[in-house]
Amino acid sequence: MVVTWSDQYTGAVIGLWNTVAVRDGYKEMTEASFSGIFTDNRYFDPENTFVLVEEGEVKGFACGCTGSDLPLGDHAGYITCIVLADEVCTEDNYKMMLEHLEGRFQSLGKKQADVLFFNPMMLPWYIPDTPRHEHNNAPGVPTGSRLHSFLLGQGYVERAQECAMYLNLSSFSIPQEIRGKEEKANAEGYTVELFDDQGKHHGVTDMLQGFDNPLWQKEIAQSTEDGVPVVVAAHHGKVVGFAGPVIRQESGRGYFAGIGVHPEHEGHGLGSILFFKLCEAFQQIGTDYMSLYTGSTNPAIRIYEKAGFKTVRTFSIMRREF
């Protein structure tokens, strides 16, 4: 029997998660972290959340979310997770849980289901072969997982692969090659340093409008307004690129929203300089490591690899149109 969410299932769902989902590398959950990710999330809807109950025991959990203010939110529903206990982990049960999610999306007028990094219900996972270093969000379905294979069989299209990359900052240093690029950029009127809103830098909004990325436009603008450090590239004081923000999370991870250079100012090596200076800024505030994800075809992956980052996992961005 599949039922919609009730708080009475919280403990059992957490137990299911900590038994099953952790095998796919996800971080274990407590009542506090479960409520933070799911039930206290402003996008949580009990009617988008389903529990499989057999003989009074919780055997499955599926959650999705919707919101007209989310990217693609006017026509897409987001699948957050489908978790099944080993003894009921069958194709039919996966399909049953998926059909409940998709049916709910369709009843709300959505035209497609997506699994992607815009999902506001962020699922943290452990980075393999590290001392429990963690990333704050899974940007899709773990490639090669049971759920990944199932969704492919149900007509979901793999639209992209996201590479999860990792760097231990203990031995990081900026190479002379990047220092040389910075000197050349300086000679052309560019500077790369922490944003200074006391008259030294201006034009953040104009710079951000050059990117088709609503998350950057929201987060970087807010960070510069609130005084959160952001590494910026500026041309005679006008901001033309960014990397950051520079935030050390409680886990010791350097939080990373992204890196971008306005199209009108590409070709000066600013992307590389920005990223290396960001790594240095994290190191200077005692950050232990950095992790990020990027598209497998994104040219920026070469910058990350040059800094010493390694791909540790891949995630699939998936969609099915109804």
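Leaving out residues up to four places away in sequence, tyrosine 190 touches Ala185, Ala234, His235, Val240, His265, His268 and Leu270. These contacts, like everything else described here, are read from a predicted model. Tyrosine 190 is found in strand 10, which covers residues 190-194, and its relative accessibility of 4% places it among buried residues, because buried means under 20%. Tyrosine 190 and valine 239 are 49 residues apart in sequence, and their C-alpha atoms are 9.5 Å apart in space.

Leucine 194 is also found in strand 10. With a relative accessibility of 44%, leucine 194 counts as partly exposed. When residues up to four places away in sequence are not counted, leucine 194 touches His201, Pro229, Val230, Val231, Val232 and Val246. The C-alpha atoms of leucine 194 and threonine 143 are separated by 36 Å, while along the chain these two residues are 51 residues apart.

Another strand residue is methionine 165, which is found in strand 9, residues 157-168. Methionine 165 is buried, its relative accessible area being 1%. Its contacts, once neighbours within four places in sequence are set aside, are with Met290, Ser291, Leu292, Thr294, Ile301, Tyr304, Glu305, Phe309, Lys310 and Thr311. The C-alpha atoms of methionine 165 and glycine 11 are separated by 33 Å, and the two residues are 154 residues apart along the chain.

**Helix pairs**

Two packed helices are described by the angle between their axes and the distance between the axes. For helix 5 (residues 176-187) and helix 8 (residues 270-284), the axes come within 10 Å and cross at roughly 120°. Helix 5 and helix 8 are therefore oblique to each other, and their crossing is left-handed. On the helix 5 side, the residues that meet helix 8 are Ile178, Arg179, Lys181, Glu182 and Ala185, and on the helix 8 side they are Leu270, Ser272, Ile273, Phe276, Lys277 and Glu280. Sorted by class, this contact of helix 5 with helix 8 has five nonpolar, one polar and five charged residues.

For helix 3 (residues 91-107) and helix 4 (residues 146-153), the axes come within 11 Å and cross at roughly 75°. Helix 3 and helix 4 are therefore roughly perpendicular to each other. Glu91, Tyr94, Lys95 and Leu98 in helix 3 meet Arg146, Leu147, Phe150 and Leu151 in helix 4. By class, the contact of helix 3 with helix 4 has five nonpolar, no polar and three charged residues.

**Backbone in the loops**

The peptide bond that leads from glycine 244 to proline 245 is cis, with omega near 0°. Proline 245 has its place in the loop between strand 12 (238-244) and strand 13 (247-248).

Positive phi values are found in residues that are not glycine, including leucine 72, whose phi is about 70°. Leucine 72 lies in the loop between strand 3 (57-65) and strand 4 (76-84), and at 29% relative accessibility leucine 72 counts as partly exposed. Histidine 236, a residue other than glycine, likewise has a positive phi, near 50°. The loop between strand 11 (231-235) and strand 12 holds histidine 236, which counts as exposed at 63% relative accessibility.

**Cysteines**

The count of disulfides comes to zero. Cysteine 163 is in no disulfide either, since the nearest cysteine sulfur, that of cysteine 279, is 17 Å away.

| Residue | Relative accessibility | Class |
|---|---|---|
| Cysteine 89 | 22% | partly exposed |
| Cysteine 163 | 8% | buried |
| Tyrosine 190 | 4% | buried |
| Leucine 194 | 44% | partly exposed |
| Leucine 72 | 29% | partly exposed |
| Histidine 236 | 63% | exposed |

Definitions and conventions: Residues are numbered from 1 along each chain as its sequence is written. This is a predicted model: local features need pLDDT of at least 70, side-chain atom pairs count only at pLDDT 80 or more; totals for chains, interfaces and linings use all residues. Side-chain values use heavy atoms; hydrogens and water are left out. Axes are lines fitted to C-alpha atoms, for helices over the stretch in contact, and angles run from 0 to 180 degrees between N-to-C directions. Helices (H or I, at least four residues) and strands (E, at least two) are DSSP runs, numbered from the N terminus. Angles under 35 degrees count as roughly parallel, over 145 as roughly antiparallel, 65 to 115 as roughly perpendicular and the rest as oblique. A crossing is left-handed if the near helix is turned anticlockwise from the far one by less than a right angle, and right-handed if clockwise. Contact means heavy atoms within 4.5 Å. Ala, Val, Leu, Ile, Met, Phe, Trp, Tyr, Cys and Pro count as nonpolar, Asp, Glu, Lys and Arg as charged, and the others, Gly among them, as polar. Buried means under 20% relative accessible area, exposed over 50%, partly exposed in between (1.4 Å probe, protein chains only). A disulfide is a pair of cysteine sulfur atoms within 2.5 Å.
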